[in-house]
Amino acid sequence: MAPHIKTKMGVLGILKTQLLCHLIICYVFLVSGILINLLQLCTLPLWAINKQLARKINCRLGYSIASQLVALLEWWSGTACTLYTDPESYQLYGKENAIVVLNHNFEIDFLTGWTFCERFGVLGSSKVLAKKELSFVPVIGWMWYFLEIVFCKRKWEEDRKTVVQSLQNLRDYPENFWFLLHCEGTRFTEKKHKISMEVAEKKGLPKLKYHLLPRTKGFCVTVENLRGTVAAVYDSTLNFRNNEMPTLLGVLNGKKYHADLYVRRIPLHSIPEDESECAQWLHKLYQEKDEFQEHYRQNGCFPGPVTSPPRRPWSLLNWLFWVCVLVYPICMFLLQMLLSGSTVTVLFTLLFCLAGIWDVD
Ligand SMILES: CCCCC/C=C\C/C=C\CCCCCCCC(=O)SCCNC(=O)CCNC(=O)[C@H](O)C(C)(C)COP(=O)(O)OP(=O)(O)OC[C@H]1O[C@@H](n2cnc3c(N)ncnc32)[C@H](O)[C@@H]1OP(=O)(O)O
Ligand SMILES: CCCCCCCCCCCCCCCCCC(=O)OC[C@@H](O)COP(=O)(O)O
């Protein structure tokens, strides 16, 4: 990296781009994650005795994993999150169960979603209808198993029974939760958009410019099974300023983004009970979402008042806790190696440290 750019970035900015920092962050995340997964495993016997207590404990443990990634976004990269919503609805966020319908365009939209969950105190209990493959991802996928995340294979005939059962299980969940649905079923690409609009044409549905055609089955079955449990649908549309396409690697490098989220609260009782009417309702919702995206494209902002929730210190404190617990032993280990008296061990340790601080750019 050129020296003048480094000066402009400041010491902290340079630190954030260093491989050694990234290695430490990943090490802390992975080791703490596996320790927490093991603790979650220990709660299994409790489910038989006191299920609600086991669920509450798992929400806290899940928080301790997810909030590390949130801390990375809001404290490490300093990404700003602006919320466009009406003040009356704002009062209810975090105080009721809700289904969140969100567009799926960005690599970090899950992380931005989590950040909003954190700010309204529902991060540990947040849920999603996720593809089955994600349940095998170490740490996060294993954590989701204990948080009763709903998984689907995206083959409706196989999914119907398991999805309905998993949704029914959430009816007596002891914590307020937000249930995320990416109704488009996959992340937006131009190629997928083209195919999806061919389907829209065949079905006689209006074309969408910024979204894929929504898959309606998951939404209708969620509304049907969570009626009486969930108070509202939060129709949410996410964008990043300056047409940026943020990445996890960018966040890890400390790059600051600016997320804009537009949320409309729609009471669940206003959504039709009949399945085909419910599907039509969702198609109409996506046509409206398309208009909001057009507004954003034209004006650089969403319509309506801005009421941004402040970041809270808990994600940072949790992260610092794990850094203190896990970085100290590794420092002691490296120190022991350096003081071992063996030339080969000292050389290897020095090489390892140098590789970590080497500027790969
Ligand atoms: C702002 C605050 C945020 C709060 C965040 C809260 C919580 C956060 C928690 C966690 C964060 C982590 C996030 C993890 C992200 C995980 C992301 C994913 O895994 S997305 C993929 C999985 N999810 C989904 O797919 C959900 C949407 N899909 C559905 O609902 C589906 O209906 C289904 C239930 C999965 C079943 O799918 P299947 O394909 O089997 O059946 P369908 O009936 O849907 O499809 C057949 C139907 O579709 C028509 N068709 C064919 N091709 C297309 C196409 N390209 N586009 C649209 N439609 C198509 C086809 O003709 C059939 O139609 P019909 O039924 O009329 O015959
Ligand atoms: C603080 C610690 C930093 C350490 C960095 C480690 C990063 C680990 C991140 C793990 C993130 C796991 C969360 C999974 C969410 C991913 C969202 C996703 O993958 O959605 C899938 C959809 O799109 C559909 O996929 P398609 O198959 O249709 O395409």
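Let's start at Phe146, which lies in helix H7, residues 140-146. Before I go on, please keep in mind that this is a predicted model. Is Phe146 buried or exposed? Phe146 has 22 other C-beta atoms within 10 Å, and the cut-off for buried is 20 or more, so Phe146 counts as buried. If we leave aside neighbours within four places in sequence, Phe146 is in contact with Gln40 and Asn58. As for Gly124, that residue is 22 residues away from Phe146 in sequence, and the two C-alpha atoms are 11 Å apart.

Have a look at its backbone: phi of Val139 is near 70°, a positive value in a residue other than glycine. Val139 is partly exposed, with 18 other C-beta atoms within 10 Å.

You'll find Asn242 in the loop between strand S6, residues 232-240, and helix H11, residues 248-252. How does Asn242 count, buried or exposed? There are 7 C-beta neighbours inside 10 Å, so Asn242 counts as exposed.

Now for the core. The largest nonpolar core has 73 residues. Those with the most contacts inside this core are Ile99, Val100, Phe179, Leu181 and Leu261. Which helix gives the most to the core? That is H4, residues 51-76, with 11 residues.

H4 brings us to helix packing. H4 and H6 pack at an angle of about 100°, with their axes 9 Å apart. The two helices are therefore roughly perpendicular to each other. On the H4 side, the residues that take part are Ala66, Ser67, Leu69, Val70, Leu73 and Glu74. On the H6 side they meet Leu111, Trp114, Thr115 and Glu118. By class, this contact of H4 with H6 has 6 nonpolar, 2 polar and 2 charged residues.

The other pair I'd like to show you is H2 with H13, where H13 covers residues 314-338. These helices pack at an angle of about 95°, and their axes are 10 Å apart. That makes H2 roughly perpendicular to H13. What classes of residue make up this contact? There are 8 nonpolar residues, 1 polar and no charged ones. From H2 we have Ile24, Tyr27, Val28, Val31 and Ser32, and these meet Trp322, Val323, Leu326 and Val327 in H13.

While we're at H2, a word on Gln18, in the loop between helix H1, residues 3-16, and H2. With 17 C-beta neighbours inside 10 Å, Gln18 counts as partly exposed. Gln18 and Ala98 are 80 residues apart in sequence, and in space they are 40 Å apart, C-alpha to C-alpha.

Glu184 lies in the loop between S5 and H9, and Glu184 is buried, with 22 other C-beta atoms within 10 Å. Not counting residues up to four places away in sequence, Glu184 touches His104, His211, Leu212 and Pro214.

Finally, ligand 2. Here we have 15 residues, of which Phe29, Leu72, Ile140, Thr186 and Arg187 come nearest. Helix H2 (19-42) and H4 are the elements that give two or more residues to the shell. By class, the shell around ligand 2 has 10 nonpolar, 3 polar and 2 charged residues.

Note on methods: Residues are numbered from 1 along each chain as its sequence is written. Chains are lettered from A and ligands numbered from 1 in the order in which they are written. This is a predicted model: local features need pLDDT of at least 70, side-chain atom pairs count only at pLDDT 80 or more; totals for chains, interfaces and linings use all residues. A nonpolar core is a set of buried Ala, Val, Leu, Ile, Met, Phe, Trp, Tyr and Cys residues joined through C-beta atoms within 7 Å. A residue is buried if 20 or more other C-beta atoms lie within 10 Å of its own, exposed if 12 or fewer, and partly exposed in between; C-beta atoms are placed from the backbone. Helices (H or I, at least four residues) and strands (E, at least two) are DSSP runs, numbered from the N terminus. A residue is near a molecule or strand if its C-beta atom, placed from the backbone, lies within 6 Å of it. Ala, Val, Leu, Ile, Met, Phe, Trp, Tyr, Cys and Pro count as nonpolar, Asp, Glu, Lys and Arg as charged, and the others, Gly among them, as polar. Axes are lines fitted to C-alpha atoms, for helices over the stretch in contact, and angles run from 0 to 180 degrees between N-to-C directions. Angles under 35 degrees count as roughly parallel, over 145 as roughly antiparallel, 65 to 115 as roughly perpendicular and the rest as oblique. Two residues are in contact if their C-beta atoms, placed from the backbone, lie within 7 Å.
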